[in-house]
Amino acid sequence: MKKYTDIHDIKNLSQTITEAIALKASPFKHKTLGTNKTLVMLFFNASLRTRLSTEKAAKNLGMDVICLQISNSWNLEFEDGTIMNLSTSEHIKEAAKVIAQYADIIAVRAFPTLKDREKDYAEIIMNSFTKYANVPVVNLESSTAHPLQALADAITINEFAATKKPKVVLSWAPHPKALPQSVANSFVTMMQELPVDFTITHPKGYELNTDITGDVHINYNQEEACKDADFVYVKNWSSYTNYGEILHQDADWMITQDKLNTAKFMHCLPVRRNVVVEDAVLDSENSLVIDQANNRTFAAQIVLKQILEQIDS
Ligand code: CP
């Protein structure tokens with residue numbers, strides 16, 4: 001693997017999921033693969049799971065890890081030809097090349113502005129690192145995608161599926177803040193690559209980018225969509241059409257035990273209790289949120305392993 005900024009960077013998804021599950025059983029099997037190799041992680045935004053699981057994954061492979069919270073560094077400029085006499089101090093052209101001298105792999109987290117859809121969907125930060133750093137880049141959640149989360153989710157579904165073609169539902173849920181579409185986008189992309197019966201449910205107005213959803217079935221009736229589901233993946237996102245807006249709170253879209261019935265509950269975390277989902281669901285045996293978070297390590301580890309193997313080849 002040359003980079004992991006997009007789910008489609010995975011060459012053989014089914015084999016990658018199988019190998020990730022094998023790594024979970026033997027996490028230190030390849031502990032010399034990353035010897036004398038450094039992962040630099042750059043965070044433009046907050047993180048708990050991504051920060052810790054990716055560092056753990058790299059260390060399981062014997063890598064050294066350096067982590068930089070960008071707010072503690074210089075304010076970077078990403079536009080070409082800008083007269084830099086305002087708030088930005090260093091251009092990505094220099095910064096990416098400098099960081100690449102310290103790193104064998106660079107991993108970046110950079111959320112969207114949710115103000116300018118065209119700019120966010122152009123993925124300027126992630127693409128600039130890919131363009132100017134001459135080392136592989138890993139997406140730790142960008143403006144429009146969270147491919148490591150989606151890989152962890154695919155591993156989790158694979159582990160817990162009781163049938164060959166489980167019914168999976170992605171349900172929108174309310175949230176007081178405007179959130180990115182990244183997790184939903186990557187989950188939708190991933191589900192289209194897996195042998196699942198997949199439906200999306202959300203209130204009208206929360207349609208995702210149709211370039212991503214394609215011909216996936218959308219049901220505007222949440223209870224009907226969730227009926228007989230094996231997995232219900234719950235996530236809030238702000239409007240794509242009225243970009244970045246919260247259209248309404250729709251508290252009745254909160255996930256309850258009644259709606260879930262026997263389905264497994266999935267969420268990427270962090271989650272707001274009794275806003276997105278009621279306590280009874282999160283505290284039940286059908287909640288997979290802790291398993292998903294655990295699988296973040298092995299999703300990151302298989303990605304780093306495949307990149308390290310490519311570097312060494
Ligand atoms: N799910 C996820 O990416 O968690 P963090 O934002 O805590 O990294």
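Q: Which domains does the shell around the ligand draw at least three residues from?
A: Domain 1 (7–145 + 296–312) and domain 2 (147–292) each give at least three residues to the shell; these bounds come from an automatic or database domain assignment. The model is predicted: local features need pLDDT of at least 70, side-chain atom pairs count only at pLDDT 80 or more, and totals for chains, interfaces and linings use all residues. Residues are numbered from 1 along each chain as its sequence is written, and side-chain values use heavy atoms, without hydrogens and water.

Q: Which backbone atoms lie 3.0 Å and 2.9 Å from a nitrogen atom of the ligand?
A: A backbone N or O atom of Cys 268 is at 3.0 Å, and a polar backbone atom of Leu 269 is at 2.9 Å. The protein covers 93% of the 260 Å² of accessible area that the ligand has on its own (Shrake-Rupley method, 1.4 Å probe).

Q: How many residues of domain 1 and domain 2 are in contact?
A: Contact means heavy atoms within 4.5 Å. By that definition, 32 residues of domain 1 touch 33 residues of domain 2. The domain centres, taken over C-alpha atoms, are 25 Å apart.

Notes. A polar contact is a pair of N or O atoms within 3.5 Å; within protein, one must be able to donate a hydrogen and the other to accept it, and residues adjacent in sequence count only if both atoms are side-chain atoms.
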